[in-house]
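Here are my notebook entries from a first look at this model. Open the view alongside and follow me through.

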Amino acid sequence: MHSWKKHSRIWIAAMVLLGLVLSSAAWAGKKDDTLNVAFTKELESLDRYFNTAREGIVFARHVYDNLLFRDPETYEYEGLLAKSFEWEDEVTLNIELRQGVEFHNGQEMTADDAVYTLNYAADPDNKVKTQRYSNWIDKAEKTGPYSFTIHLKYPFPPALEFLSGANPVYPKDYHQEVGYKGFGVKPIGTGPYKATEIEPGKRLVLVKNENYFQNSPKGQPSIGKIVWRTLPEMNTQVAELITGSLDWAFLVPPDQAEQLKKVPNVQVVPAETMRIGYLTFDAANFSETKHDIDNPFKEVKVRQAVSHAINRQAIADNLIGGGSRPIYTPCYPSQLGCIEEAAKEYAYDPEKAQELLTEAGYPDGFDCILYAYRNRPFAEAMVGNLKAVGIDAKLVMMKYSALRERQRAGKTPLQFLTWGSYSINDVSAIISNFFEHEADDITRDPKLKEWLEAADKEMDTEKRKELYGKAIARITERAYWAPLFSYVSNNCFSKDLNFTPYPDAVPRFYMATWK
Amino acid sequence: MLIYFCKRLGLAVLVTIAVSMISFMMIRVSGDPAIALAGEAATSEEIEFVREQYGFDRPLIVQYLEWASRAIRGDLGESPYMNLPVTEMIGNRIGVTMTLGICALSFAVLLSVPLGVLAAIRPNTWIDRLALTISVIGQAMPSFWFGLIMIIVLGVKFRLLPISGAETPAHFIMPTIALGYYATPAIMRLVRSGMLEVLASDHIRTAKAKGLRWGKILYKHALRNAIIPVVAVLAVQLGFMLGGSIVIETVFALHGIGHLAWVSIGRSDLPVVQAIVLLLSIIYVVLTFLSDMLNAFLDPRIRVK
């Protein structure tokens, strides 16, 4: 008792001090024109050619500009840094640049910069991590102060897609001076925002580029400052959205999004993304031939039975929500070449599934393992669906890299996988990736390889679509995959913010405004 | 004492080497680093390219020996993922983790020592049981869950404390409690049993007979004796806390080495994981070694054996 009285002054002083410390942690937001955003993953490098995460695409869209621009609604291409572009022939693309575009350091962007950046990315010696985005380029050649030509190694139909999505232009002199490592921590671009404060892996501050060039199809940025933080735990992001210390988050899981809907200062806008979920079967039968693992899925009727057994609609409605829908194509429907009419639809029909299993010689079903790397609840629902038709699937969750290694070794009869196509609106980013006899191909259908390789190099869009349509028909008829559902990203953000999400799941803060 | 010292030191070095070897193997087993590094959309050529580029195609033992020989010279290599020297990455983050560890340990001591003393003064009464309950709850609750509950109550409901980051001292309050609370029961029980033993001893009776004030007896004659084993345990607890901060740092987005370890495991960033495991095991081994020495110094029976 005595000691409390003796020390009470110290205690009160401590409380007051604590109060002062706490009140100094003021929340930002609309008042001070600062948009607080969070991502769960930290970026390994701010150099687009040296990171592979979605966050890297998001950063690049704000700080850099690509040569071309893909309209997020119509998917049409137009010039961004390019004033105009024209195919001379199948492997030669002429580009005329805009004049008067400045990098954040005040230097003017010219053909030298564009040519340098493309050649840098295309040169395997520079070891960029995103080889695929630029390895179709043979070389870029300057033809005038603001004009140059891209020579392709071979006809490459998605060239415009990659030039609009993945190949930003860097300032030659600065990049040469600091090298890719220096550039990765202190980048300079022409984009609508400048990176002014960088604490790698922790926090970035982007400030509006007041000199952003007029007539950019991106429009002029409106919000003054973006504070970008890495908050690895989604629960923490949700808590901060509620208190208002965070203005924007995405990829919020459905149950947490549901909670956030009840919060007065937060709006939840679900948006379908290009990511689709699907089951793969070891149709090439590597499991049996290489490892002696039981593989009922070598039988087309078993694969079809599984395709009928999964209740896609129930998973889409109840577990994903927010406009997720069943998918029957081995690609996202908006992708060029994803011909929905070509696909065979497997309606949810457990009885049909059982009939097919009986025909395949499994009247009592069988035991198997379902491998998966994310979304345990979805996989568990599928295990339940399979159980109902007699297939006893044991769920094994693995880390992504470990599962992929296992698949490549040919030890995965049945897998639940997902693919986001890296937001590339072209089926070559998904179907060609998995059916051209590469390491990830566990189907090995020679017909598919033939058609897809022809389609990948076909410059005539109609002919291309026809070939991809044939491939989609074959993949679905033979049930090499069981496409399942689309993914939805729940965009959760402050009620003060005008923000539009798009299926490519690349947030465009430069288009956002305060209400 | 010297023989004992040498034996213990040799054991500590062996433990460190064993930990580094086991962790090296375990990380390899958990996934192909080349696949993780090349990213989700990488083609097989890209993955092979990465594999050769970073030498993942060489035998495991060669990779380990090469790493170990450089590590001994203080070169922990470069993160292939971040393209930054590992020492720099750890150097930037160790401050946060150390601050958190020391704060959490202080919190644990400040909570558990008074509780232990209280429980010992009134053994087998409601005070004793209450003190025990308070401290056992700490161990029974998973720290990440307790952390989230605090976020909901103190951060969201009453808006008293900031939820994430490490900008101000206030940012450390919730993580400190979440991490420190977990260590409370071990220390508290040790204080309680130590105090009970000491309070029953002759010199306390003598002190009472001399007419000393109760407070002085408790503090000067009893606690000082009872606290000796606690000091040894604290060293081990600090090691636990540095390891336990992996979860807490993730929940509160404190970018210390715990969080760094967590993300690096996810992306198979081997040099970083390796370095953190090495660092934490060295800290742990050193602390355990020191506590062994302290015990041996205080209690001759240990070193004679």
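**Domains.** I began with chain A, where the domain assignment gives domain 1 (41–197 + 208–218) and domain 2 (273–489); such bounds come from an automatic or database assignment. I found the C-alpha centres of domain 1 and domain 2 of chain A 35 Å apart. Nine residues of domain 1 of chain A are in contact with 10 residues of domain 2 of chain A, contact being C-beta atoms, placed from the backbone, within 7 Å. On the domain 1 side I noted six nonpolar, one polar and two charged residues. Here Ala, Val, Leu, Ile, Met, Phe, Trp, Tyr, Cys and Pro are nonpolar, Asp, Glu, Lys and Arg charged, and the others, Gly among them, polar.

**A note on the model.** I am reading a predicted model, in which local features need pLDDT of at least 70 and side-chain atom pairs pLDDT 80 or more, while totals for chains, interfaces and linings use all residues. Residues are numbered from 1 along each chain as its sequence is written, and chains are lettered from A and ligands numbered from 1 in the order in which they are written.

**Chains A and B.** Next I looked up the interface: 37 residues of chain A are in contact with 37 residues of chain B. Which helix gives the most to the side of chain A that touches chain B? I found α7(A), with six residues; helices are DSSP runs (H or I, at least four residues), numbered from the N terminus. By class, that side of chain A has 11 nonpolar, 12 polar and 14 charged residues.

Terms used
Two residues are in contact if their C-beta atoms, placed from the backbone, lie within 7 Å. Helices (H or I, at least four residues) and strands (E, at least two) are DSSP runs, numbered from the N terminus.
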